[in-house]
Amino acid sequence: MAENKTRFIIVGFDGLRPDCIRDDMPTLSAFIDESHRWNHYLATFPTETYVNHPTIFSGFRPNRHGVIANAYFNRKVQSKDAVFMGNSVPSIETHDAVSNVIEIPTLGDRLGAAGKTLRVLCANSEGSTRLQHIHADHYEGHLNCCVHNISATLPLCERESLQKRWGNGVALKFPDYDGTQLLTDIFFEYELPRGLGDVTILWIGEPDHSSHEFGILDERTCQARRHADQAFERILNWWKAEGKDNNVQLAVISDHGHGVVASHYDLKEKLISNGWKVFSRTDLQAGKPVSDCDLVIVGDYTLGLWLTTANEKNLIRLRDELMAIDEVGMLFSQPKPQATADEVEGKVPGTFSESLIFSDHERGPDIRVTMRNNPQTGKLIMGPSLEIGTGNHGGLLPQEINSVLAMQGSCFKASTLVHEEPAGHDDFALTVMTLMGLMNTDQALEPIPQARMLSEAIEETEIQPAREEVLCLKEGNFEQYIHRVHFANRIYVTEGARAGDCTITALNQSE
Ligand SMILES: [Zn+2]
């Protein structure tokens, strides 16, 4: 490599739980053992992919970037398309035309403004890929390619040249061996021969794809992890031979973890039987006008509820009905007007304010629900969209929040590799952007993220004190809690659930 400027390769393993590495991923495991790694690396709420990727690739939490759920109802968009679907490029484009889906400058924007490149190869959905760099067609030499649908690639010139060689990519099958393979092939046969970009994202869709399909410990998901580990071995071998000594930093990350689906509960059906007229995405897509329903429901585990008439009477009625359901876990609402940042209760009495978990936003629902789950077993209840025994995520279980981050390279110090400090995706983003020279200039795009630089991996630092807190809220018999850690002027959410004895046996049995 002729030049010696700082670059990054970020290898993502979607939905990889830190405790699922050791048995199936020997290469990744060995890499982590000799890297800077964080024992408390935390996803943001809701612990869904389309929410966490904009944080990983911007340095802002959902309350600032605006993608408040994998799917959400947007009152500003015309009824038929009003439910934003993060997995769909047409949906992202429709919503982006009304108002920016991602409301702040991203890693890609900052690199582009500095004349540097971001090149994304991703084996998640086309929409997930798009949200990693939504403006890849705005900047010279940028790339955003989903290996499962090359026709959605940005910019057009890249789409055409990739299609010539690889057609429209590979279909998603479970496990996604083909996606992992094609992503690696494009990196070695297309990216490297023409010169590595300034920041390259290689986002592998496993083990998330197979975890949802088969379960996190199913043998086929273990195979998916082994196969992803072999792909990583190829990347790591290249990095050791040619990247490491040429200022290429290698980061490995996962966006969220997984819980286990233990039981089904259909909240939409329950609300209908209680007398509400409830519409879901499919009702709106079928052309039913939103004014014909009492509320819109989106989601199946962490769900948003948007009332057509969000007056106090309706909000309290809905709250009381939700609190009477054993299968309901946590309840949140938007902050009260003029609330301070640490106001525990949201605008609906007895529910947590979304500002406590950094997901408050004008796009947010009137009431957000996470179905019941158990932090001891990692088991959860959700609607019927995923089978019992499979993996899912979106709530505040530690099993869903705890994620993977490991980094190695010339920018990082050689000693004290294990970090107990809490850290989040926004901190990772700020660290990458700072090391890339994007933040400490007069030209840095506004606003600047308030995240924490992970300086413990860069220079000798004194360990600062961390303060843990438990926030509790009780309304009648309904009680819920959130654990947070205050550290270095940042607040991190580490767990949250409904409190009290749970009599749902499926949630209490551990495997
Ligand atoms: Zn997932």
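1. Buried here means under 20% relative accessible area and exposed over 50%, with partly exposed in between (1.4 Å probe, protein chains only). Helices (H or I, at least four residues) and strands (E, at least two) are DSSP runs numbered from the N terminus. The model is predicted: local features need pLDDT of at least 70, side-chain atom pairs count only at pLDDT 80 or more, and totals for chains, interfaces and linings use all residues. Residues are numbered from 1 along each chain as its sequence is written, and side-chain values use heavy atoms, with hydrogens and water left out.

2. Helix H7 spans residues 156–166, and Glu158, Leu162 and Trp166 are buried in it. Viewed down the axis of H7, the buried residues fall within an arc of 40° (taken from the directions from the helix axis to the C-beta atoms), so they line one face of the helix. An α-helix has 3.6 residues a turn, so residues three or four places apart point the same way.

3. Leu156, Cys157 and Lys164 are exposed, on the face of H7 turned away from its buried side. The buried residues pack against strand E6 (118–122), strand E7 (143–146) and helix H8 (177–194), contact being heavy atoms within 4.5 Å.

4. The zinc ion has as protein donors Asp208 (OD), Asp208 (OD), His212 (NE2) and His393 (NE2), at 2.0 to 2.4 Å. Donors are N, O and S atoms within 2.8 Å of the metal (3.2 Å for Na, K and Ca); water is not among the atoms, so sites may look incomplete. Along the chain the donor spacing is D-x3-H-x180-H.

5. Asp208 and His212 are both buried. The two lie four residues apart in helix H9 (residues 208–214), and therefore about one helical turn separates them.
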